[in-house]
Amino acid sequence: MIYFDYAATTPILPEVKNVFIDTLEQFGNPSSVHLYGRKSRVIVEEARAIIAELLSCEQNNIIFTSSATEAINLGITSICRSRNIKNIIFSPIEHAAMLRSIAFCSQSNNISTLELKINNLGNIDLDYLEKLLQTNANTLVCIMHANNEIGNLIPIKEIGKLCKTYNALFFCDMVQTMGKYNLALNKLPIDFAVGSAHKFYGPKGCGLFYITEDIDPLLFGGFQERNMRAGTENIPAIVATAKALEIIQQNLSTYMLHINEIKQYCITKLKNNFPDIVFVGNCENGGVYHIINFFLPNINSETLFMHLDMRGIAVSSGSACSSGSQHNSHVLQALGINKKSIRISFGKDNTFEEIDIFIHNLLQIYNAQNEKAL
Ligand code: PLP
């Protein structure tokens, strides 16, 4: 089995799994005032302190949720309801959690939506963004740090500066970069950001919501998370998330170097073996170090995906959240590409040998399909 789908999710680290299991014993409710509760409160707050330090921010900047999807829904709903927002500027290549939250909240709060222009590599037209900001006050800007399908890295410093100049709020989806890059959140011109533990070898079911101002809750109930996210905290997931981020950050430069070498090796091999390969976005000469997106002319990507899967090689054709959908990816469509592609995304345990096996299998499938077509 070869796993090349680390942008969809990552396996939990053994140490993190142990911490998760051990913490299951800590059953006291962190909101209870007796000793059991106080113990649980301490470990939740210790985890928050670790995460805040690793991300260079304060503890009160971090809210725990059940996923990045929940954090996005919470943030967009709250900001739209309570910040006198009149416009939302967004890129067409945002994750479905962002696009659908924006669609719902703009309709229910009578807010205009302004879609950014991107070119056929997926790069955002920053002049157009500035023009929109100049002419539209009370604006929320929603742009991701890295795209989960094509791996484009977005210039968030420049975008954040523009937002500050024009007094707009900036909400950044950092799911594909948190735990993958050294992020000093308090040095970035960002008002809100989200991350997700299962993308950095942590458990499923723990989202990180970075806030610079308090927000109103989406879920009504108890006063957990300083009255911003009701519901008893998922203590094992929170503690395991802190552990995962800690381990990953400690080894980050080694992992980044290794994964980037794997990516470059794979690109070279793909180009050598399939001269007519088309890379999507700017993954060939830039983008994040863990994602490649491509298609091969003359062969349907779904067929490729299926045959690779039958041979035990897990890749993706579109984001995991939209798999099974009949529609082509909205990200590729925004780039003017009306077909499916293959996304391969790497993690710290991938090897050069796995790339060789992948290319060997890809060639066999490709040749067999082309022979069939003749
Ligand atoms: N945003 C991006 C860019 C993602 O890649 C994902 C997950 O695929 C999400 C948001 C949603 O994260 P979660 O699985 O924590 O809801």
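Let's start with a word we need: a residue is exposed if its relative accessible area is over 50%, buried if it is under 20%, and partly exposed in between, using a 1.4 Å probe and the protein chains only.

Okay, what are we looking at? This is a predicted model, where local features need pLDDT of at least 70, side-chain atom pairs count only at pLDDT 80 or more, and totals for chains, interfaces and linings use all residues. Residues are numbered from 1 along each chain as its sequence is written, and side-chain values use heavy atoms, with hydrogens and water left out.

Now find helix α6, residues 156-165. Which of its residues are buried? They are Ile-156, Ile-159, Gly-160, Leu-162 and Cys-163. Looking down the axis of α6, these buried residues fall within an arc of 160 degrees (taken from the directions from the helix axis to the C-beta atoms), so they line one face of the helix. Why does that sort of pattern turn up? An α-helix has 3.6 residues a turn, so residues three or four places apart point the same way.

On the face turned away from the buried side, α6 carries the exposed residues Lys-157, Lys-161 and Thr-165. And the cover over the buried residues includes α5 (126-135), β5 (139-142) and β6 (169-173), with contact meaning heavy atoms within 4.5 Å.

Asn-167 counts as exposed because its relative accessibility is 71%.

On to the ligand. Of the 13 residues around it, Thr-69, Asp-173, Ser-196, His-198 and Lys-199 come nearest; "near" needs a heavy atom within 4 Å. By class, that shell has four nonpolar, seven polar and two charged residues. The classes go like this: Ala, Val, Leu, Ile, Met, Phe, Trp, Tyr, Cys and Pro are nonpolar, Asp, Glu, Lys and Arg are charged, and the others, Gly among them, are polar.

How far is a polar side-chain atom of Asp-173 from a nitrogen atom of the ligand? That one is 2.6 Å. For His-198, a polar side-chain atom lies 2.9 Å from a ligand oxygen atom.

Key. A polar contact is a pair of N or O atoms within 3.5 Å; within protein, one must be able to donate a hydrogen and the other to accept it, and residues adjacent in sequence count only if both atoms are side-chain atoms. Helices (H or I, at least four residues) and strands (E, at least two) are DSSP runs, numbered from the N terminus.
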